[in-house]
Structure formats: C-alpha cells, structure tokens
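Okay, hi everyone, thanks for coming. Have a look at it first, and then I'll start.

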Amino acid sequence: MFRNNYDNDAITFSPQGRIFQIEYASEAVKQGSVTVGLCSKTHVVLVALKRNAEELSSYQKKIINVDTHLGVSLAGLASDARVLTNFMKRQALASKMTYGRPIPVERIVEQIGDRAQTNTQNYSNRPYGVGLLVAGVDDTGPHLFEFQPSGMTQEMVACAIGARSQMARTYLERNLDAFADCGREELVTHGLKALKESLNQDKELTVENASVGVVGWSVVSGKKGKLEGFKLYDGEEMGPLLEKALEGSAAKAEGEAEGEAQTESMDTS
C-alpha cells in the first residue's frame with residue numbers, strides 16, 4: 001500500500017500527524033489470534049487461543065514464562081515477541097543478580113516500551129509487529145499491563161487483543177465488577193468464557209488450541225501468603241479448566257432458554 005511516501009519508514013509523520021508503519025504494526029496485532037488478561041486482588045490470569053498454520057503443523061505457543069513472578073501472552077508476529085521476551089528475561093535476570101530481588105512489573109514493562117519507542121526514532125528500524133499482555137506480581141500486588149507496537153503501555157484491570165477481541169472485551173466489560181474479588185479458579189473461568197465469546201460459531205475451545213497462564217499470591221486467613229509462581233497450563237492440563245468453564249456456560253444457556261420458553265408460554269396464554 002502506497003501512501004505518498006509517508007509510509008516508507010517509521011520516523012516520518014504524514015500531514016495528518018500519523019506514522020503509518022506504526023499503524024501497520026498495530027494491524028498485525030489485530031490479525032493475531034485473540035488473547036485475554038484479567039486481574040483480581042490476588043491473581044492475574046492470561047488466556048490465549050492458539051493457531052496452527054496448517055493441519056500438519058503444531059499449534060503456536062502464545063503464553064511465555066519470563067520469570068517466576070512474570071509471564072506474557074502475545075498477539076501478532078511471534079518472532080517479534082520472541083525478541084522482546086528474551087530481552088525481558090535478561091532484564092529479570094540482571095535484577096536478581098544486581099539487586100537480589102525480582103524486577104518490579106511496571107519497571108520491566110516501561111523498559112520494553114522504551115525499546116519499542118526507540119524503533120520509531122531510527123530510520124533503519126521498524127516497529128515491533130506484536131502486542132503483549134504482561135501479567136505479574138510484586139510487592140505492590142498483582143498487575144496486568146498492555147504493550148502496543150507504538151511503545152505505549154498501560155495498566156489494565158482486564159484486556160483482550162487480537163482478532164475478534166471486541167467480543168471478548170464486551171464480556172469483560174459486562175463482568176468487570178466481579179473480577180476484583182475472584183479467586184484463582186473463578187478468574188480462570190471468566191477468562192475462558194471471554195475467550196469463547198471471540199470464537200466463530202463453528203469453533204470450540206479444546207485442549208489443543210487453548211492455554212492459560214496464572215500467577216498470584218496465596219491467601220491465608222484473609223491475608224497475603226506465599227507467591228504462587230507463574231504456572232502455564234497447556235495440553236491435557238487444560239481439560240479440567242475447560243470442563244468447568246464450559247459447564248458453566250452450558251448451564252447459563254439452558255437457564256436462558258427455559259426463561260424464554262416460559263415467557264413465550266405466558267404470552268400465548
């Protein structure tokens with residue numbers, strides 16, 4: 001696509017104040033498979049839909065463990081995500097070696113944001129074509145951040161990025177008030193339900209195409225306990241989580257159907 005010489009690099013503004021290469025990178029995020037993040041007072045959950053390029057290939061990894069207290073999910077170019085997550089792993093290791101403690105979540109998110117923004121100031125570079133949801137816990141509590149190709153980062157209570165993510169965002173907005181007090185299992189169930197909302201009608205969540213990442217604090221007698229390190233659920237481990245989430249969706253659908261049937265019978269009578 002040619003836009004009057006304003007999209008040849010990532011440092012030239014158009015007369016309308018737009019940088020087209022950043023917009024193209026954001027479009028790559030929109031084309032990626034959907035991923036959802038949710039945050040409560042004690043836990044952060046990442047849920048992702050995996051794709052396979054063809055029937056003969058394996059499903060692409062969507063959630064990456066960065067450190068014991070930190071993980072990310074991606075939408076967009078997986079190769080760009082690999083570069084950024086490797087950078088995050090180095091920064092996390094450097095923090096442990098230098099300061100003897102895990103790196104704060106907000107700090108590492110700011111570092112990848114600065115790294116991405118630098119690419120928009122050099123003619124020879126291009127923006128990263130990937131969006132990330134960063135989930136982690138530190139001394140200030142659980143955090144969920146969204147990273148965009150422009151280098152912009154923002155903390156979220158719940159977020160969804162990728163193809164058809166608007167359907168998942170609608171579910172998140174509808175149930176937003178319930179997330180803060182959710183426990184680990186409840187938050188995972190909400191995440192899977194939101195992910196299911198974004199699917200085409202002819203597709204279902206399975207142990208092959210879904211994955212979940214969870215990190216948070218245990219709660220003992222109403223107080224913060226030990227760190228529950230970042231745990232990735234994949235493959236057969238997804239079975240019980242999917243079963244619980246889909247059972248809840250089925251029960252809700254049956255209840256709505258019965259309610260509609262009663263309403264119709266009352267109208268008829």
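This is a predicted model: local features need pLDDT of at least 70, side-chain atom pairs count only at pLDDT 80 or more; totals for chains, interfaces and linings use all residues.

Let's begin with Asp-80, which is buried, with a relative accessible area of 6%. Residues are numbered from 1 along each chain as its sequence is written, and side-chain values use heavy atoms, with hydrogens and water left out.

So which residue forms a salt bridge with Asp-80? That's Arg-126, and the closest N and O atoms are 2.9 Å apart. By salt bridge I mean a side-chain nitrogen of Lys or Arg within 4 Å of a carboxyl oxygen of Asp or Glu. The two partners sit in distant parts of the chain, 46 residues apart: Asp-80 is in helix α2 (residues 78-99), and Arg-126 is in the loop between α3 and β5 (130-138). When I say helix, I mean a DSSP run of H or I with at least four residues, and a strand is a run of E with at least two, all numbered from the N terminus.

How many salt bridges does a search of the whole structure find? Eight. One of them joins the side chains of Asp-234 and Lys-50, at 2.6 Å, N to O. Asp-234 lies in the loop between β10 (223-233) and α7 (238-268), and Lys-50 in the loop between β2 (43-49) and β3 (63-67), so this pair ties together parts that are 184 residues apart in sequence. Lys-50 counts as buried, at 10% relative accessibility, and Asp-234 as partly exposed, at 28%.

Here's another pair: the side chains of Arg-184 and Glu-228 meet in a salt bridge of 2.8 Å, N to O. Arg-184 is in helix α6 and Glu-228 in strand β10, and they are 44 residues apart. Arg-184 is partly exposed at 23%, and Glu-228 is partly exposed at 25%.

Since we've landed on α6, let's check its length. Its 14 residues (184-197) should span 20 Å at 1.5 Å a residue, and the end C-alpha atoms are 20 Å apart, which agrees. The expected span is 1.5 Å times one less than the number of residues. Among the buried residues of α6 are Leu-187, His-190, Gly-191 and Ala-194.

Now for the surface. Which residues form a negative patch? They are Glu-106, Glu-110, Asp-114 and Glu-155. Patch residues have over 30% relative accessible area and no salt bridge, and like charges are joined within 9 Å, while nonpolar side chains (Val, Leu, Ile, Met, Phe, Trp, Tyr) are joined within 5 Å. Helix α3 (residues 105-118) gives the most, with three residues. Glu-106 lies in that helix and is partly exposed at 46%.

Arg-164, between β8 (158-161) and α4 (165-174), has a positive phi near 60°, in a residue other than glycine. Asp-139, between β5 and β6 (141-147), is exposed at 73%.

Key:
Accessible areas come from the Shrake-Rupley method with a 1.4 Å probe; for residues, only the protein chains shown count as cover. Lys and Arg count as positive and Asp and Glu as negative; His and the chain ends are not counted. The place of a charge is taken as NZ of Lys, CZ of Arg, CG of Asp or CD of Glu. Buried means under 20% relative accessible area, exposed over 50%, partly exposed in between (1.4 Å probe, protein chains only).
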